[in-house]
Amino acid sequence: DAEGNKLYWPIDDYFVERGPLADWANIKVINYHRPLQSYMDAFLGHGLVLRRFIEPCPTAEQIAVAPNLAVQLKMPFFVVMQWQQQSS
């Protein structure tokens with residue numbers, strides 16, 4: 001918007017796996033994108049069991065200290081998964 005607030009996060013071609021080059025904090029990285037089903041299929045296909053799935057969200061206290069975190073209330077920037085190898 002006119003004040004520089006991020007109003008949305010563009011997502012397009014979600015199901016297309018790709019690895020575009022990104023410049024992040026003056027570091028060039030390949031920012032791989034894969035749909036969640038690709039990760040789930042790979043891990044489950046190797047006998048892993050999903051124990052936890054977390055979509056981190058900043059707390060009100062964290063946003064009070066760092067207001068720029070509020071954009072993460074619109075969409076998580078990452079997920080955390082805890083996997084465990086099945087016993088034979």
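Here are some notes on this structure, point by point.

1. Before anything else, this is a predicted model, where local features need pLDDT of at least 70 and side-chain atom pairs count only at pLDDT 80 or more, while totals for chains, interfaces and linings use all residues. Residues are numbered from 1 along each chain as its sequence is written, and side-chain values use heavy atoms, with hydrogens and water left out.

2. Start with the layout: the protein chain has two helices and four strands, in the order β-β-α-β-α-β from the N terminus. Helices (H or I, at least four residues) and strands (E, at least two) are DSSP runs, numbered from the N terminus.

3. Now the overall shape. The radius of gyration of the protein chain is 17 Å, whereas a compact globule of 88 residues would be near 12 Å. That radius is taken over C-alpha atoms, and the globule rule is 2.2 Å times the number of residues to the power 0.38. The C-alpha atoms fill a box of roughly 55 × 30 × 25 Å along the principal axes.

4. How much of the chain is buried? Buried residues make up 9% of the 88 residues. Here buried means under 20% relative accessible area, exposed means over 50%, and partly exposed is in between (1.4 Å probe, protein chains only).

5. You'll find Met81 in strand E4 (residues 80-85), and it counts as partly exposed because its relative accessible area is 24%. Leaving aside neighbours within four places in sequence, Met81 is in contact (heavy atoms within 4.5 Å) with Met40, Phe43, Leu50, Arg52 and Phe53. Met81 and Arg51 are 30 residues apart in sequence, yet their C-alpha atoms are 7.6 Å apart in space.

6. Which aromatic rings pair up? The rule takes rings of Phe, Tyr and Trp (its six-membered ring) with centres within 6.5 Å; planes under 30 degrees apart are stacked, over 60 edge-to-face, and the rest tilted. That gives two aromatic pairs. The pair of Tyr14 and Phe15 is edge-to-face because the planes are at 85°, with the ring centres 5.0 Å apart. Tyr14 is partly exposed at 32% relative accessibility, whereas Phe15 is exposed, with a relative accessible area of 60%.

7. The other pair is Phe43 and Trp83, with ring centres 4.9 Å apart and planes at 55°, so this pair is tilted. The pair links distant parts of the chain: Phe43 sits in helix H1 (residues 36-45) and Trp83 in strand E4, 40 residues apart. Phe43 counts as partly exposed, at 28% relative accessibility.
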